[in-house]
Amino acid sequence: MSLTNWSRQQGVSRMTAWRMATTGRVPGARLSPAGRWVVDVADPRLTVAYARVSSHDQKSDLDRQVARIAEWAAASGIRIDRYVREIGSGLNDRRKQLASLLSDPKVGTIVVEHRDRLAQFGVGQVEQVLVSADRSLIVIDPGEVEDDLVRDMIDLMTCMSARLYGKRSARNRALRAAEALRA
């Protein structure tokens with residue numbers, strides 16, 4: 001960023017910022033080849049790893065996911081600031097941890113192992129929204145299912161099965177309750 005913008009951000013005058021830069025009191029300040037003062041500012045936003053499993057009996061897999069993400073980050077030279085673990089269905093859109101990550105502007109990058117660990121549907125739209133907010137999503141293994149059509153068909157069948165069986169059990173419970181009231 002330019003020294004002028006840095007001075008506005010810090011709340012000092014341009015001359016004060018210039019004096020500070022010339023005496024070496026502005027961290028990251030340097031003269032550009034064009035002769036202008038530039039301040040290299042590190043991105044203050046966080047990189048967060050997100051791991052999710054569907055049920056409590058898969059809790060051990062949650063730790064393995066976090067370990068694989070940490071191993072990948074170390075090999076890639078990416079610093080992970082925080083690890084978020086969540087237990088919840090990929091079809092459920094009311095996951096508190098994911099919602100807080102997506103709504104927190106301090107989170108600049110979200111790292112997941114597979115696309116379906118973030119959500120079963122709409123990962124492309126989530127990624128587009130993050131990019132429009134100058135944020136990013138990193139998927140470590142994007143090719144867990146090679147054929148997109150097959151993946152979409154499996155996701156659709158999973159969703160429809162969950163809704164069908166969920167409605168059926170709700171109807172059966174309602175019928176049993178009505179019979180209990182009659183008896």
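These legends describe close-up views of a predicted model. Local features need pLDDT of at least 70, side-chain atom pairs count only at pLDDT 80 or more, and totals for chains, interfaces and linings use all residues. Residues are numbered from 1 along each chain as its sequence is written, and side-chain values use heavy atoms, without hydrogens and water.

**View 1. Helices α1 and α2 cross.** Helix α1 spans residues 3–10 and helix α2 residues 14–22 (helices are DSSP runs of H or I, at least four residues, numbered from the N terminus). Their axes come within 9 Å and cross at roughly 110° (axes are lines fitted to C-alpha atoms over the stretch in contact; angles run from 0 to 180 degrees between N-to-C directions). That makes α1 roughly perpendicular to α2 (65 to 115 degrees).

**View 2. Residues at the α1 and α2 contact.** Helix α1 contributes Leu 3, Thr 4, Trp 6 and Ser 7. Helix α2 contributes Arg 14, Ala 17, Trp 18, Met 20 and Ala 21. Contact means heavy atoms within 4.5 Å. Six of these residues are nonpolar, two polar and one charged (Ala, Val, Leu, Ile, Met, Phe, Trp, Tyr, Cys and Pro count as nonpolar, Asp, Glu, Lys and Arg as charged, the others, Gly among them, as polar).

Technical notes: Helix = DSSP H or I, 4+ residues; strand = E, 2+ residues; numbered from the N terminus. Parallel < 35°, antiparallel > 145°, perpendicular 65-115°, else oblique.
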